[in-house]
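Welcome, and thank you for joining this short tour. Please open your viewer, and we will go from stop to stop together.

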Amino acid sequence: MSIKNNETKESEMQFSDERLKDFIPTSKSHEDDESLAKIAEQVAGERFPKDIPPRKEEAITVAHRVSSKQRKLSLDEYRATFLQVPRIVNRRPVFVSEEVRQQLDLIVLRLSETRRMSVTGLLENICRHHIETYKDDIEQWRKL
């Protein structure tokens with residue numbers, strides 16, 4: 001099937017080339033070729049100035065050390081934001097994939113300081129944080 005597509009494309013290109021032959025001026029002398037070459041150089045020079053140096057591709061790597069104190073503070077902040085046991089009234093089921101559920105189980109198991117914390121509580125806190133963070137944007141998007 002791809003061979004037919006390639007043949008079709010080639011025949012379409014040949015047909016369009018043949019139709020364009022009537023509109024493409026042919027130079028009859030060597031002087032015309034030189035003048036066309038000069039014009040092409042001028043146009044290329046206008047579009048791509050030679051005095052601009054090429055951009056260098058630089059890999060931006062930010063290598064900074066994170067001290068154990070900083071890591072501890074960020075863990076404390078994470079725990080305060082997401083691993084506090086919330087009070088949930090009128091619970092409703094929410095479904096997540098098994099993979100996500102296992103990852104959430106590990107987060108709660110390893111990072112929570114209390115046995116009362118659950119995946120449901122973590123999801124509640126994540127959703128509350130998300131809603132609070134984006135409430136103004138959500139309101140604007142709703143009006144679109």
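One term before we set off: a salt bridge is a side-chain nitrogen of Lys or Arg within 4 Å of a carboxyl oxygen of Asp or Glu. This is a predicted model, in which local features need pLDDT of at least 70 and side-chain atom pairs count only at pLDDT 80 or more, while totals for chains, interfaces and linings use all residues. Residues are numbered from 1 along each chain as its sequence is written, and side-chain values use heavy atoms, with hydrogens and water left out.

**Stop 1: the whole chain**

Show the protein chain as a cartoon. Its secondary structure comes to five helices and zero strands; helices (H or I, at least four residues) and strands (E, at least two) are DSSP runs, numbered from the N terminus. Of the 144 residues, 8% count as buried. Here buried means under 20% relative accessible area, exposed over 50%, and partly exposed in between (1.4 Å probe, protein chains only).

**Stop 2: salt bridges along helix H5**

The structure holds six salt bridges. Select Glu-139 and Arg-142, whose side chains meet in one of them at 2.6 Å, N to O. Both lie in helix H5, three residues apart, about one turn of the helix. Glu-139 is partly exposed at 32% relative accessible area, whereas Arg-142 is exposed at 59%.

Now pick Arg-128 and Glu-124, which form a salt bridge at 2.8 Å, N to O. These two also sit in helix H5, four residues apart, about one turn of the helix. Arg-128 is partly exposed, at 40%, and Glu-124 is partly exposed, at 24%.

**Stop 3**

Next, select Arg-79 and Glu-113. What parts of the chain does this pair tie together? Their salt bridge has its closest N and O atoms 2.9 Å apart. Arg-79 lies in helix H3 (residues 68–82) and Glu-113 in the loop between H4 and H5, so the pair links parts that are 34 residues apart in sequence. Arg-79 counts as buried at 13% relative accessibility, while Glu-113 counts as exposed at 66%.

**Stop 3: Ser-112 in the loop**

Select Ser-112, which lies in the loop between H4 and H5. Is Ser-112 buried or exposed? With 14% relative accessibility, Ser-112 counts as buried. The side chain of Ser-112 reaches the backbone oxygen of Thr-114 at 2.9 Å. Not counting residues up to four places away in sequence, Ser-112 touches Leu-83, Ile-107 and Met-117, where contact means heavy atoms within 4.5 Å.

**Stop 4: the nonpolar core**

A nonpolar core is a set of buried Ala, Val, Leu, Ile, Met, Phe, Trp, Tyr and Cys residues joined through side-chain atoms within 4.5 Å. To see the largest one, select its seven residues: Phe-82, Leu-83, Leu-104, Val-108, Met-117, Val-119 and Leu-122. Helix H4 (98–111) and helix H5 (119–142) each supply at least two residues of this core. Then center on Val-108: leaving aside neighbours within four places in sequence, Val-108 is in contact with Met-117, Ser-118, Val-119 and Leu-122.

**Stop 6**

Trp-141 lies in helix H5 and is exposed, with a relative accessible area of 52%.

Technical notes: A polar contact is a pair of N or O atoms within 3.5 Å; within protein, one must be able to donate a hydrogen and the other to accept it, and residues adjacent in sequence count only if both atoms are side-chain atoms.
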